[in-house]
Amino acid sequence: MAKCEVCGKGAHFGNAVSHSHRRSNKMWKSNVKSVKVKVNGAAKKMYVCTSCLRSGKVERA
């Protein structure tokens, strides 16, 4: 679910490194909101990341 329907931004994976330098798996989820968006004049519910909302790539309904 944590995937933007506009730009396709999704989760990123890497390592969480502790103070003693032991590594474990870590996941960073993108900041995705469920919003009503105008698509071809009609309102549609989509999952959109906050960077797309702030940049004006989509218009709220």
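Colleague: In what order do the elements of the chain run from the N terminus on?
Modeller: This is a predicted model, where local features need pLDDT of at least 70, side-chain atom pairs count only at pLDDT 80 or more, and totals for chains, interfaces and linings use all residues. Residues are numbered from 1 along each chain as its sequence is written, and side-chain values use heavy atoms, with hydrogens and water left out. Helices (H or I, at least four residues) and strands (E, at least two) are DSSP runs, numbered from the N terminus. The chain has 1 helix and 4 strands, and the order is β-β-β-β-α.

Colleague: What radius of gyration does the chain have?
Modeller: That value is taken over C-alpha atoms, and the globule rule is 2.2 Å times the number of residues to the power 0.38. The C-alpha trace spans about 55 × 20 × 15 Å along its principal axes. A compact globule of 61 residues would come out near 10 Å, but the chain has 16 Å.

Colleague: Is Ser30 buried or exposed?
Modeller: Ser30 sits in the loop between β2 (23-28) and β3 (32-39). Buried means under 20% relative accessible area, exposed over 50%, partly exposed in between (1.4 Å probe, protein chains only). Ser30 has 13% relative accessibility, so it counts as buried.

Colleague: Which residue has its backbone oxygen 3.3 Å from a polar atom of the Ser30 side chain?
Modeller: Leaving out residues up to four places away in sequence, Ser30 touches Ala2, Lys9 and Gly10, with contact meaning heavy atoms within 4.5 Å. The backbone oxygen lying 3.3 Å from a polar atom of the Ser30 side chain belongs to Ala2.

Definitions and conventions. A polar contact is a pair of N or O atoms within 3.5 Å; within protein, one must be able to donate a hydrogen and the other to accept it, and residues adjacent in sequence count only if both atoms are side-chain atoms.
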